[in-house]
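I wanted to get to know this chain by looking things up one at a time. Here are my notes, in the order I went.

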Amino acid sequence: MSPWLTVVGIGEDGFKGLGRNARHALLRATRIIGGQRQLDLLPLCIGGERQLWPSPFSLEPVLSRRGEPVCVLASGDPMFYGVGASLARQVPAEELLILPAPSSVSLAAARLSWPLQEVVTLSVVARPVAALNAHLASGVRLLVLSNDGSSPALIAALLAERGFGPSRITVFEHLGGPAERRIGGHAQAWEHMAVADLNLVAIDCLADANAPRLSRLAGLPDAAFRHDGQLTKRDVRAMTLARLAPLPGELLWDVGAGSGSIGIEWMRTHPSCRAVAIEADAGRQSLIEHNRDALGVPGLQLVRGKAPEALNGLGAPDAIFIGGGVTRDGVLDTCWQHLRPGGRLVANAVTLQSEMTLMTWRAEHGGELTRIHVAQAQPLGEFDTWRQALPITLLEVIKPL
């Protein structure tokens, strides 16, 4: 079947900025669907019936017209945080033609002379601004699609709060159109509150002397997390995450999440990694909510409840970490049942009872047991001595395919 659906990327320069194929597709279309701003850019010579996206948003107006010559209008590149990606998941490739215009990030990079392959691109359109926290480091350049006119001020405040007040911010309004405007300043002294809703924020990150240095590798300092003592400590956390072995797109269950450190560091390894933190204690739930935002993974899902009951209905995980509740009836069995074939289950034990549970489990299901001893040098009078932390027994089991 030849393409019946054409997705046309249109810039702020409107119809005159479109290529020949995009113009012909619009002229042939019996129906054109888009947002009000995009539809207003079309001249009167475009005769197809114009239709706004419904609210709440749905692809049904497009999918119900299968076989008709339909055009969808999108801003810039439809495959960059755009409707083109959503349609491509629903419409076979042979029925779909996508004609992109230059994206706003391409235009911004050109204005700034920033090599686009060296820039981190993000979106805070209907997403928490806290997601930027995972990417902040001196020398990093960010291009951020704004949600609305309030986004630049929110971003500036976040940068200043996180120790990146000296960062240079450039806001581009209406990129590529006659109303294009450029606003600049530093995060710590940002005063531009009146910004157009259609804007993009460019950030040249620069940390002040007090900004934390937070690697994307496993094993953040314990001080990076708020906690009540229920925290998988740094060295053990690094070893645990090495056994969990996160890969892009994978889902982790962090059972008995405590302060959320394992799930948070899992998600920080790659933007597509997902995690569910299961925690019954209300105080620790609040700590997880703070930590996930402060460390840039606001998408971490928090399930308030006790395992195994709270595990029902969650997506099948690629890996499971049990940091608390390993001795509760049914926790290990339920986790093992839901784990995908080839998935990894890692559990840590401190008490004799929990260690015995892991040893019994290993006798039935196999796996590898590791005893972890960590000691730190601490003062003893005028000298130093080794202070031994409680030993940890770690079980790693891979579920057969």
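**Entry 1: the annotated span**

I started with residues 5-183, whose end C-alpha atoms lie 38 Å apart. That span is 24% helix and 23% strand; helices here are DSSP runs of H or I with at least four residues, strands are runs of E with at least two, and both are numbered from the N terminus. UniProt, in an unreviewed entry, lists residues 5-183 as "domain: Tetrapyrrole methylase". I noted that UniProt positions use the numbering here, that feature names are shortened, and that annotations may be inferred rather than shown by experiment.

Ground rules for myself: this is a predicted model, local features need pLDDT of at least 70, side-chain atom pairs count only at pLDDT 80 or more, and totals for chains, interfaces and linings use all residues. Residues are numbered from 1 along each chain as its sequence is written, and side-chain values use heavy atoms, with hydrogens and water left out.

**Entry 2: the whole chain**

I looked up the totals next. The chain has 11 helices and 19 strands, and its C-alpha trace spans about 80 × 55 × 35 Å along the principal axes. Of the 401 residues, 46% are buried (under 20% relative accessible area; exposed is over 50%, partly exposed is in between, with a 1.4 Å probe and protein chains only). I also checked contacts, meaning heavy atoms within 4.5 Å. Among contacts between residues at least 6 apart in sequence, 64% join residues at least 24 apart.

**Entry 3: helix α5**

Which residues of helix α5 are buried? I found V105, L107, A108, A109 and L112, in a helix that covers residues 104-112. These buried residues pack against five strands that I could list: β6 (120-123), β7 (141-145), β8 (168-173), β9 (181-186) and β10 (199-204). Just after α5 comes S113, with a positive phi of about 60°.

A126 is not a glycine, yet its phi is near 55°. A126 sits in the loop between β6 and β7, and it is exposed because its relative accessible area is 74%. H174, also not a glycine, has a positive phi of about 50°. I located H174 in the loop between β8 and β9, where its 22% relative accessible area makes it partly exposed.

**Entry 4: the loop between β3 and α3**

Here I picked L59, which lies between β3 (49-52) and α3 (60-63). Buried or exposed, I wondered about L59? At 13% relative accessibility, L59 counts as buried. Leaving aside neighbours within four places in sequence, L59 touches W53, V83, S86, L87 and Q90. I also compared L59 with G219: they are 160 residues apart along the chain, and their C-alpha atoms are separated by 42 Å.

P56 is in the loop between β3 and α3 too. The bond joining S55 and P56 is a cis peptide bond, with omega about 5°.

**Entry 5: another cis bond**

I then checked A307 and P308, which are also joined by a cis peptide bond, with omega about 10°. P308 is in the loop between β13 (301-304) and β14 (319-322).

**Entry 6: α7 with α8**

I moved on to helix α7 (residues 234-244) and helix α8 (residues 261-268). Their axes come within 11 Å and cross at roughly 55°. An axis is a line fitted to C-alpha atoms, for helices over the stretch in contact, and angles run from 0 to 180 degrees between N-to-C directions. So α7 and α8 are oblique to each other (under 35 degrees is roughly parallel, over 145 roughly antiparallel, 65 to 115 roughly perpendicular, and the rest oblique).

On the α7 side I listed R237, T240, L241 and L244, which meet S261, I262, E265 and W266 in α8. The residues of this contact divide into four nonpolar, two polar and two charged. For the classes, Ala, Val, Leu, Ile, Met, Phe, Trp, Tyr, Cys and Pro count as nonpolar, Asp, Glu, Lys and Arg as charged, and the others, Gly among them, as polar.

**Entry 7: α10 with α11**

My last pair was helix α10 (residues 331-338) and helix α11 (residues 352-365), which pack at an angle of about 40° with axes 11 Å apart. That makes α10 oblique to α11. L332, D333 and W336 of α10 make the contact with T357, L358, W361 and H365 of α11. By class I wrote down four nonpolar, two polar and one charged.
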